[in-house]
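Good morning, and thank you for coming. Please have the sequence and the model open as I speak.

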Amino acid sequence: MLRGISKSFDGVPVLKHITLDLREGVVAILGPNGAGKTTLMRILATVLAPDEGALECNDLHGEAALAAIRNQTGYLPQSLELPQHLTPRGLLRYVASLRLSGIREDTAMRLLDELGLGTMADRPLAQLSDGQRRLVAVAQAFLGWPKLVLLDEFSAGLDVAEKEVVYRLIHALTPGSLVVITSNQPAEVEKIAQTLVVLRDGELRFTGNTAELVGQARGMVWDARLPEHQVRSAMECYRLSRVRQADDGVTLRIVGAELDLAGALPVEPTLEDAYLLLMGNALKR
Amino acid sequence: MDNEPKQSYQSESGNFSDMEDWEKDIAKVLKESKPLSLPPEKMQALLSMLKPMVAERQSPPNINPPIATGRMRLGEFFRLVRNQAYLLELAYWIVIGLMMVSNLALLASNRLQSLFTMLFLILPLVGGISMVYSLRISHDGMGEIEQASTVGLKRIFAARLTLIFGLELLLALPLLIYYGVQSGGLVLARMAVAWLAPTVALSGITLFLFSRWGEWPSVGIPVLVWGSLILFGASRAGFIGFAEMVLARIVFNPLLPLLAVLGLTAGLAFGALGMRRLSSGRYSWS
């Protein structure tokens with residue numbers, strides 16, 4: 001539980017009075033770059049203290065809450081440079097020693113196997129690809145199947161297959177656990193998250209499930225097929241979520257409450273449409 | 001009836017194309033099966049039999065061992081110290097190994113006392129630089145993982161300090177033993193103080209500088225200050241020889257205990273400030 005969290009860096013507010021009640025399942029913190037996602041994640045991971053507000057965990061407050069969170073958290077920071085001479089096995093062994101919960105080596109190896117890294121367990125990280133190193137970093141967050149897993153931009157540098165492996169891992173963990181991810185990709189979030197937290201400029205813009213956010217956009221998303229010469233002016237006037245080239249013109253997906261465009265048909269919004277709508281003029285193209 | 005909600009085991013699209021094979025099998029069985037019409041008590045009994053199985057399936061495959069209490073036993077602390085050693089790169093171990101071999105070789109030769117003394121004098125610098133090196137590992141996200149762990153940064157720092165001071169002691173020991181055997185307990189004690197106080201002082205100051213200004217100032221300033229002191233001393237050695245002069249200063253200087261206390265106090269104070277700054281969570285690591 002985050003209660004009234006605010007944080008500034010050098011007088012610039014990054015988070016403003018954020019209150020969230022996070023329970024089981026997959027929660028995605030969505031927002032454009034600079035929205036405060038990583039700061040919020042670092043506060044959740046107890047590595048950054050808020051200027052105002054507090055973290056609570058199972059009715060515990062203050063240091064007791066921080067200790068309780070640390071006892072059951074696996075955390076993947078956004079930017080993580082692992083010691084290159086370590087092997088995946090060595091890294092997991094080290095992280096296991098930090099958890100003090102008696103995680104056995106075979107548990108760590110099984111985790112590496114599930115991520116497809118079993119055969120690379122004893123290779124130095126320097127010899128692995130960027131994607132494989134990122135998977136090892138993800139693995140350490142899941143080590144011991146903690147009750148809270150925080151993954152900050154976990155998919156950066158992962159290919160489609162590697163992302164799928166992580167999605168499977170998240171699904172395996174979520175009954176009874178909480179996984180919090182950050183992303184600026186609504187399409188990715190749609191695949192795995194049950195709850196969305198949308199931030200913009202450090203403010204909480206939305207909390208709820210995907211269907212609720214999509215529901216808010218219903219009646220405000222349109223498809224319009226335009227001849228090539230009208231596309232530029234339409235792009236200047238409207239907020240677009242998609243542009244698709246066709247033989248007889250260009251189909252634009254337009255998001256916005258009011259639309260004065262002949263031939264535009266209302267369509268069922270996607271999460272990306274709803275997200276763009278929520279982001280407002282800041283993302284108007 | 002068309003408006004009836006789809007059964008939950010069907011995929012949203014109504015077909016099973018997005019399911020795994022085993023899920024398709026289960027879905028097929030469920031689709032073909034008829035709902036049970038059991039009396040409530042039998043249904044309850046059946047459900048309570050099934051419940052543990054469902055719970056087992058939903059649990060992650062490698063279930064977490066009991067949550068840690070956060071308390072650390074001595075054995076766990078030494079395991080943590082050992083694991084810190086894994087984090088140090090081979091190059092570091094090679095340097096430490098070479099210093100140790102040089103120490104022993106010089107000791108065995110019983111000559112080149114100036115070199116031997118020089119090695120002794122640079123040990124506090126080695127301690128300070130090792131400190132920066134070991135803290136550097138915690139940059140770029142690793143520090144955040146460590147801080148977010150049950151063990152916490154303070155105990156990790158303590159483990160690193162233990163490791164570094166252990167190595168320092170191993171490096172200093174041959175010389176301390178040498179002088180202890182040659183000149184007796186008092187000289188040994190003064191030599192130990194002459195090693196320990198600057199080592200603690202430089203390590204503490206280095207840690208503080210690192211916490212405020214990062215790697216280069218934290219290495220550069222101690223190297224410059226301590227190196228200048230050594231060179232200044234060497235330039236004033238004159239005809240009696242560098243090693244003899246250092247030894248004489250250590251053994252006969254009446255200010256040594258006072259300087260040692262000052263050095264230890266400064267080192268511990270700066271170290272505590274640096275550690276507090278690094279582990280407070282109010283400052284960004286990266």
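I begin with Glu81(A), which sits in the loop between S5 and H3 of chain A. Helices and strands here are DSSP runs, helices (H or I) of at least four residues and strands (E) of at least two, numbered from the N terminus. Residues are numbered from 1 along each chain as its sequence is written, and chains are lettered from A and ligands numbered from 1 in the order in which they are written.

The C-alpha atoms of Glu81(A) and Arg133(A) are separated by 9.3 Å, although the two residues are 52 apart along the chain. Leaving aside residues up to four places away in sequence, Glu81(A) touches Asp140(B) and Gly141(B). Contact means that the C-beta atoms of two residues, placed from the backbone, lie within 7 Å.

**The contact between the chains**

How many residues does each chain bring to this contact? Chain A gives 41 residues and chain B gives 36 residues. On the side of chain A that touches chain B, the elements with two or more residues are helix H2 (62-71), strand S5 (73-76), helix H3 (88-99), helix H4 (105-114) and helix H6 (160-173). H3(A) supplies the largest share, 7 residues. By type, that side of chain A divides into 22 nonpolar, 13 polar and 6 charged residues. In this count Ala, Val, Leu, Ile, Met, Phe, Trp, Tyr, Cys and Pro are nonpolar, Asp, Glu, Lys and Arg are charged, and the others, Gly among them, are polar.

S5(A) pairs in the parallel sense with strand S6 (residues 148-152) of chain A over 4 bridges; two strands pair if DSSP finds at least two bridges between them. Within that pairing, Tyr75(A) has Leu150(A) in S6(A) as its bridge partner.

**Chain A as a whole**

Chain A contains 10 helices and 13 strands, and 44% of its 285 residues are buried. Helix H1 (residues 37-44) of chain A is largely enclosed by the rest of the structure, because 8 of its 8 residues are buried. Among them are Lys37(A), Arg42(A) and Leu44(A). After H1(A) comes Thr46(A), whose phi is positive, near 70°.

The domain assignment, which is automatic or from a database, gives domain 1 (2-211) and domain 2 (219-267) in chain A. Taken over C-alpha atoms, the centres of the two domains are 38 Å apart.

I turn now to a sheet. In chain A, 4 strands form an open antiparallel sheet in the order S11-S12-S10-S13. Which strands stand at its edges? They are strand S11 (239-246) and strand S13 (265-266) of chain A; each has a single partner strand, so one side of each is left without a neighbour in the sheet. Strand S10 (residues 221-226) of chain A is joined to S13(A) by 2 bridges, and Asp223(A) has Leu265(A) as its bridge partner there.

**Confidence**

Finally, how far does the predictor trust chain B? pLDDT is its confidence in each residue, from 0 to 100. Chain B has a mean pLDDT of 77, and 79% of its residues reach 70 or more. Confidence in chain B is lowest in helix H2 (residues 40-58), at a mean of 67, and highest in helix H11 (residues 256-279), at 89. Over residues 55-67 of chain B the pLDDT is below 50. Where pLDDT is low, the predicted coordinates should not be read in detail. For the model, the scores are ipTM 0.85 and pTM 0.77.

Key
Predicted model: local features only at pLDDT ≥ 70, side-chain atom pairs only at ≥ 80, totals over all residues. Buried ≥ 20, exposed ≤ 12 C-beta atoms within 10 Å, placed from the backbone.
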